[in-house]
Amino acid sequence: MSWQRKINKALVRFTGIQIHRVGNQGIVKASAPTPAKPSDVEVRPPADPRADRLLTAPVFIISPVRSGSTLLRAILNAHSALHAPHELHVRRLRVDFGTNLAQKAMAALGHNQADLEHLLWDRVLHRELHRSGKRFIVDKTPANAFAHERIATCWPDARFVFLLRHPASIATSWHEASPDKRTPEEAALDALRYMKAVQRAKAALPGLTVRYEDLSADPERVTREICAFLGLDWEPQMLSYGEQTVIQKGLGDWRDKIRSGTVQPGRELPDPESIPESLKPISRSWGYLP
């Protein structure tokens, strides 16, 4: 990288101003400020957690798509202390500086773009929790697996529950969810992206790992383990979670098993010979293949 590009990059990062050449006359001018890309902004913990965060110990279910996370969300939401709304996708909420002066003003207060986004995320989740009247919020958005580092940085006291399911079952369910959009092979490869992200999150963060097959087969035992991990008493109404307020594709599972209001048996595990080659390594890693 030339020294001109280095200087230009520094200008963009710290002032929002970019210098570029116009035509062949050698004239340069300053462009309007452009929003910094998330990868260009330092992501850091809250400077003052008591002032910067309203949430206390939020809970994140880190899971691939089609892994039973909506079932687990519904079960946890039935607990008197846990509010588990539909998928919230807060990591997609962005903050941009409209002017260079706004950026400089926030910098003088000690805030960069990521800091402001974290304040927004925290405020949105806290408002939802406050409206519920409960103690802790639970978010189960599967795409959070791709942002696990930033979530853990935003909320240093966050708790993580890792939900696994047989990779071949995930892929089959992902295909069935939108058969017109993905072939079985495409569904397997797309779902594998989520599985690998969950694998990375499990390696990087402390938390409790549970399996969908165990949850559907013995929900009381698994929910007792989760409650113990969260420091809560187990409550029997978790097993009959009732009607869901949000049943909509894109915000969680919308199909009959969830609509039933009680835990239903999961599908049979796939035959080892039927597992796609692309999914065999992670199936072994997760203990579904020897």
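**Notebook: charges, rings and strands**

I began at arginine 221, which is partly exposed with a relative accessible area of 36%. I take buried as under 20% relative accessible area, exposed as over 50% and partly exposed as in between, with a 1.4 Å probe and protein chains only. The model is predicted, so I note that local features need pLDDT of at least 70, side-chain atom pairs count only at pLDDT 80 or more, and totals for chains, interfaces and linings use all residues. Residues are numbered from 1 along each chain as its sequence is written, and side-chain values use heavy atoms, with hydrogens and water left out.

**Salt bridges**

I next looked up the partner of arginine 221. Its side chain meets that of aspartate 218 in a salt bridge, at 3.5 Å from N to O. The term stands for a side-chain nitrogen of Lys or Arg within 4 Å of a carboxyl oxygen of Asp or Glu. Aspartate 218 counts as partly exposed, at 33% relative accessibility.

How many salt bridges does a search of the whole structure find? The search gives 11. One of them is between the side chains of arginine 94 and glutamate 117, at 3.7 Å from N to O. This pair links distant parts of the chain, 23 residues apart: arginine 94 is in the loop between strand E4 (82-83) and helix H4 (100-108), and glutamate 117 is in helix H5. Helices (H or I, at least four residues) and strands (E, at least two) are DSSP runs, numbered from the N terminus.

Is glutamate 117 buried or exposed? I find it buried, at 1% relative accessibility. Arginine 94 is partly exposed, with a relative accessible area of 38%.

Glutamate 117 also meets arginine 150 in a salt bridge between side chains, at 2.6 Å from N to O. Arginine 150 lies in helix H6 (residues 148-154) and glutamate 117 in helix H5, so the pair ties together parts that are 33 residues apart in sequence. I note arginine 150 as buried, at 14% relative accessibility.

I stayed with H5 (residues 113-132), where leucine 120 has its place. At 30% relative accessibility, leucine 120 counts as partly exposed. Together with Leu93 and Val124, Leu120 makes a nonpolar surface patch of about 180 Å². For such patches, residues need over 30% relative accessible area and no salt bridge; like charges are joined within 9 Å and nonpolar side chains (Val, Leu, Ile, Met, Phe, Trp, Tyr) within 5 Å. The areas come from the Shrake-Rupley method with a 1.4 Å probe, and for residues only the protein chains shown count as cover.

**Aromatic rings**

Rings of Phe, Tyr and Trp (its six-membered ring) pair if their centres lie within 6.5 Å; planes under 30 degrees apart count as stacked, over 60 as edge-to-face and the rest as tilted. By this rule I get six aromatic pairs. Among them is the stacked pair of phenylalanine 60 and phenylalanine 160, at 6.0 Å centre to centre and 25 degrees between the planes. Phenylalanine 60 is in strand E3 (residues 59-62) and phenylalanine 160 in strand E6 (residues 159-164), so the pair ties together parts that are 100 residues apart in sequence. Phenylalanine 160 also stacks with phenylalanine 162, at 6.5 Å centre to centre and 15 degrees between the planes. Phenylalanine 160 and phenylalanine 162 are both buried. A cluster of Phe60, Trp121, Trp155, Phe160 and Phe162 is linked by ring pairs.

I then checked for charges over rings, which requires NZ of Lys or CZ of Arg within 6 Å of the ring centre and within 35 degrees of the ring normal. Arginine 159 lies over the face of phenylalanine 136, at 4.9 Å from the ring centre. Arginine 182 lies over the face of tryptophan 174, at 3.6 Å from the ring centre.

**Strand E6**

Two strands pair if DSSP finds at least two bridges between them. E3 and E6 pair in the parallel sense over four bridges, and valine 59 stands opposite arginine 159. E6 also runs parallel to strand E7 (residues 208-211), joined by four bridges. There, leucine 163 stands opposite valine 210.
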